[in-house]
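Open the model in your viewer and get ready to select side chains.

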Amino acid sequence: MKVSIIVPVYNVKAYLAKCLDSLIAQTLEDIEIIVVDDGSTDSSGKILKQYENKYPELIRAFNKENGGLSDARNFGINKAKGDFIGFVDSDDYVTADMFQEMYDLAMKHSAEMVICNLQKVDEKDNITQQLPQLTHLPEKIILKENFSIFSDLSYFACNKLFKKELFAKLRFKKGIHYEDIQLVPQLLLKCTIVAHTYKFHYQYLERASSISKTHTEKGLDILRAVEDVEVAFRNSAFKDYQKELQGFQILEGIYTFLAYLAFVKDSDVFDNMSKELKRFIQKRNIKTVEILRYNRFGRNYLLSLPMRKKIYYLLYFFHQEGIIKKILN
């Protein structure tokens, strides 16, 4: 088996068929589609059974008690027979040649991880945002020669293909949000060679319901995820690459966290989370000028952002939280 594609499912009856159709249409042979129903209460289970009956040579469907996204993915990893593992969220879909190209790149370059570009789409398939990843680097990336990617990458699990051996002692951490930020950097630290394609194979559905979801103190899981990665970093072959570690801390621990904080409406929660972020920054002795000068993909990150985001970040870095809360509320 070349590739195991793991699809966690929870109450996605409106989107599941489109996702599965895109996986069944894959041009790569010798794949398995492991679909894990994580205790759905809608008709998702019924849809799965229909697809499994129709495509028994491709689909392996499982049902388990609800345990969350990490638990469902880990269940799938334990069942996987493929040399490589990919993850697709059950409300997203992919191009027909996604896993063919990514598997071929893994074989061509002896890569332990392969990355593709992704783009956000709405429920009418309109592209709302493109998220290119490593367009400034060659197709084959020797990690020790191009370790800047550690602080450049978006750490989605879904636009990557992983050699199964990377999961020998690692799994997604259960019971947290932002489990991708917690695990995927640790998997990268175990790699020697990474490959990538410029194609936008992965279509990430941005649902209206997810955009308006409540933002709470669970966003603090971002900081905890970064802390776990720091521990792995200190024990990795890349422990001397401190500049790249700081870049990761700035991108994920500061910018990603602040992007979440912008949607926190409760003033007390906002203040508590802001205090946690300041403690995070002080503990690592990260200076404001280092945050402002952080480069991603070879250019200044802050300057690359839309004006509204620039203003938000600058107000925060210059201690104007009161103005921010008035603007956001």
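Select Glu227. Glu227 is partly exposed, at 26% relative accessible area. This is a predicted model, so treat each stop as part of a prediction.

The side chains of Glu227 and Arg284 form a salt bridge, 4.0 Å from N to O. Glu227 sits in helix H8 (residues 221-234), and Arg284 sits in the loop between helix H10 (267-283) and helix H11 (288-292), so their pair ties together parts 57 residues apart in sequence.

Is Arg284 buried or exposed? Arg284 is buried, at 17% relative accessibility.

Keep Arg284 and select Glu230. These two side chains also meet in a salt bridge, at 2.6 Å from N to O. Glu230 lies in helix H8 and Arg284 in the loop between H10 and H11, so this pair joins parts 54 residues apart in sequence. Glu230 is buried too, at 8% relative accessibility.

Now move to another pair. Select Asp71 and Lys174. Their side chains meet in a salt bridge, 3.6 Å from N to O. Asp71 is in helix H3 (residues 69-79), while Lys174 is in the loop between strand S9 (160-163) and helix H6 (179-188), so the pair connects parts 103 residues apart in sequence. Asp71 is buried, at 18% relative accessible area. Lys174 is exposed, at 53%.

How many salt bridges does the structure hold? There are 19.

Definitions and conventions: Residues numbered from 1 in each chain as written. Predicted model: local features only at pLDDT ≥ 70, side-chain atom pairs only at ≥ 80, totals over all residues. Heavy atoms only, no water. Helix = DSSP H or I, 4+ residues; strand = E, 2+ residues; numbered from the N terminus. Buried < 20%, exposed > 50% of the residue type's maximum accessible area, 1.4 Å probe, protein only.
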